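Here is a short report for a reader meeting this structure for the first time. Look at the sequence and the model, then read on.

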Amino acid sequence: DLIRVVRTPSKEVVVDTTGKANGRGAYLKLSQENIDKAKAKNIFEKALQVPIPESVYVELEALLNDK
């Protein structure tokens, strides 16, 4: 299961569960290991070129727990 994290044209970062949100996106295979690695290595920050709020990681973990 790939989840898309998107930087919208207004520079907001959101988790895109539909895969159709407008903006620059980065994909993550949904697992706790991958979420932790993305956070530790600032992978989304590098890919999307904006600071990533903690709420994005919280939302990813919530999606993982709902799975």
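## Two charged residues under cover

Asp16 and Arg4 are both buried. Buried means under 20% relative accessible area, exposed means over 50%, and partly exposed lies in between (1.4 Å probe, protein chains only). The side chains of Asp16 and Arg4 meet in a salt bridge, at 3.2 Å from N to O. A salt bridge here is a side-chain nitrogen of Lys or Arg within 4 Å of a carboxyl oxygen of Asp or Glu.

Asp16 sits in strand β2 (residues 13-16) and Arg4 in strand β1 (residues 2-7), so the pair ties together parts that are twelve residues apart in sequence. Helices (H or I, at least four residues) and strands (E, at least two) are DSSP runs, numbered from the N terminus.

## About the model

The model is predicted: local features need pLDDT of at least 70, side-chain atom pairs count only at pLDDT 80 or more, and totals for chains, interfaces and linings use all residues. Residues are numbered from 1 along each chain as its sequence is written, and side-chain values use heavy atoms, with hydrogens and water left out.

## A second salt bridge

The structure holds two salt bridges. Side chains of opposite charge can pair when their charged atoms come close. Glu54 and Lys39 form a salt bridge through their side chains, at 2.8 Å from N to O. Glu54 lies in helix α3 and Lys39 in helix α1 (residues 32-40), so this pair ties together parts that are 15 residues apart in sequence.

Glu54 is partly exposed, with a relative accessible area of 43%. Lys39 is partly exposed too, at 37% relative accessibility.

## The whole chain

The protein chain has three helices and three strands. From the N terminus on, the order is β-β-β-α-α-α. The radius of gyration is 11 Å, close to the 11 Å that the globule rule gives for 67 residues, so the chain is as compact as a globular protein of that length. That radius is taken over C-alpha atoms, and the rule is 2.2 Å times the number of residues to the power 0.38. The C-alpha atoms fill a box of roughly 30 × 25 × 15 Å along the principal axes.

Buried residues make up 33% of the 67 residues. Among contacts with a separation of 6 or more, 45% join residues 24 or more positions apart. Contact means heavy atoms within 4.5 Å.

## Surface and charge

The protein chain exposes about 4,300 Å², and carbon and sulfur atoms supply 49% of it. Accessible areas come from the Shrake-Rupley method with a 1.4 Å probe; for residues, only the protein chains shown count as cover.

There are 11 positive and 10 negative side chains, and the centres of the two sets lie 9 Å apart. Lys and Arg count as positive and Asp and Glu as negative, while His and the chain ends are not counted. A charge is placed at NZ of Lys, CZ of Arg, CG of Asp or CD of Glu.

Tyr57 lies in helix α3 (residues 54-66). Tyr57 counts as buried, at 5% relative accessibility. Leaving out residues up to four places away in sequence, Tyr57 touches Ile35, Ala38, Lys39, Phe44 and Ile52. Tyr57 and Val15 are 42 residues apart in sequence and 9.1 Å apart in space, C-alpha to C-alpha.

Glu12 is found in the loop between β1 and β2. Glu12 is partly exposed, with a relative accessible area of 46%. Not counting residues up to four places away in sequence, Glu12 touches Val6 and Arg7.
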